[in-house]
Amino acid sequence: MLVAKLGNGKQLSLAEVDEQIKAQLKGKKKSFYCPICEERLLLKAGNKRRWHFAHQKNSSCLVEQEAETEYHLNGKILLYQWLKKQYRQVYLEYYIRSIKQRPDILVQTEDGPVAIEFQCSNIPESHLIKRTEMYNQRNIKPLWILGSKRLKRKKNYFQLTAMDWLTVQFNTKPFVVYFNPTNKQFTLLHSLSPFSEGKVFAGNMNMKLHHTSLQQLIHPLIKMERVSDAWFNEKRKWRLSCHYENKKAAHFIRNELQKKRLHLCYIPSVCGVPHNFTYLIKTPTVYWQTWIFLKFLYKKEKYTTFDSREIINSFAHCAKVQKFSVRRFPCISGKYKYFAQAIHAYLQLLCNLNYLRKKSKHTYIIMNEITPTTSNYEAIGKDKSIVKKINQFNNKANN
Ligand SMILES: [Zn+2]
């Protein structure tokens, strides 16, 4: 903690003290109290680490204490000072009594209050959801900024923990904000396209703290990402090994395919294509898109119509019985948090590729038959050309 109450009731913030005051604090035997639980606090005034307050061991303070590493303390102070330059009302460790929450920083912006949590350590998912919902209830916008140390970059993809997924926000594209107090830089991981639970393809954008405003962080300008070669390569790898895949969704889809004497390796190329909203569904994209193909499109005659609500209801049922799984997004409001958006976007993509045509709000017409491929060679060639077509279409939409 950086803020404590003094014996005279005034508050002392270690973010504001200079060396002179520090020397005074060290000399006198002052008492410090937690502004929330009123318990006596220890002033940790060492030479190595940044000064901070801590509860005594066995404290019963209600407010959760993040393990206050140097990294966390530094980040909190840097973010606080950064916000002070932009807004008049900025409060460090402000306790919101009505919801018993104490965000790292609370700032009053032109669009209302924002609670900033600089989260470096793991906390249980249920806590993160609960805290986010509390802020939402009070019309305080929660902004979780993750410590950059949490960002796990592999060769050409990223790994996000279940906790990190919960902090995703949306502004034309989904994104997660990371902050590195050492080089004073934000990293936005955006356009999240998970191939599987462990592999997320995404764009990343670095933003220097002092060249960025809070508004730019909340409403970042994210350009359309092209479907990466990495995605295509991953799908090729998947095609060659999916026979052995042992996940629940793989079993389910393999069985469904077998009923129609089809094979997972040879699914059509339009099954397993990324779009802006695939992040909403936790089940790998190849599986739920194959399911849509099998159940609603396979062997349907040209000009057959169907209602997208059927797909959505049927998907909701599969999610309920845990054949599929969807993600939760407590920080996103409106339709961009629901799986239905992923299905709408997929049908739209099939329209762009001339397989479907949208007739009315919920009705689609099949315009071209989608057929399974018959060899790995054919499948991989078609995957490549689908990626190319999608990129051409996105390019056109960008210009
Ligand atoms: Zn306390």
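**A close look at the nuclease-like region**

Mentor: Arg 88 sits in the loop between helix H2 (70-84) and strand S6 (90-92). Helices (H or I, at least four residues) and strands (E, at least two) are DSSP runs, numbered from the N terminus. Residue numbers start from 1 along each chain, following the sequence as written. The model is a predicted one: local features need pLDDT of at least 70, side-chain atom pairs count only at pLDDT 80 or more, and totals for chains, interfaces and linings use all residues.

Arg 88 is exposed, because 7 other C-beta atoms lie within 10 Å. Here a residue is buried if 20 or more other C-beta atoms lie within 10 Å of its own, exposed if 12 or fewer, and partly exposed in between, with C-beta atoms placed from the backbone. Between the C-alpha atoms of Arg 88 and Pro 194 there are 40 Å in space and 106 residues in sequence.

The wider setting comes from a record. UniProt, in an unreviewed entry, places the feature "domain: Competence protein CoiA nuclease-like" at residues 68-220. UniProt positions are given in the numbering used here, feature names are shortened, and annotations may be inferred rather than shown by experiment. Residues 68-220 are 25% helix and 37% strand, and the end C-alpha atoms of this span are 29 Å apart. A domain assignment, whose bounds come from an automatic or database source, gives domain 1 (3-55), domain 2 (70-218) and domain 3 (229-398). The C-alpha centres of domain 1 and domain 2 are 27 Å apart. Eight residues from domain 1 and nine residues from domain 2 take part in the contact; two residues are in contact if their C-beta atoms, placed from the backbone, lie within 7 Å.

Let us turn to the core. The largest nonpolar core has 86 residues, of which Ile 105, Ile 116, Ile 145 and Val 177 touch the most other members. Such a core is a set of buried Ala, Val, Leu, Ile, Met, Phe, Trp, Tyr and Cys residues joined through C-beta atoms within 7 Å. Beyond its neighbours within four places in sequence, Ile 116 is in contact with Leu 79, Pro 103, Asp 104, Ile 105, Val 107, Leu 143 and Ile 145.

Two further loops complete the view. Arg 150 belongs to the loop between strand S9 (141-147) and strand S10 (152-153). This arginine, Arg 150, is partly exposed, because 18 other C-beta atoms lie within 10 Å. Not counting residues up to four places away in sequence, Arg 150 touches Asp 164 and Tyr 178. Lys 184 is in the loop between strand S13 (173-180) and strand S14 (185-194). Lys 184 counts as partly exposed, because it has 14 C-beta neighbours inside 10 Å. Phi of Lys 184 is positive, near 50 degrees, in a residue other than glycine.
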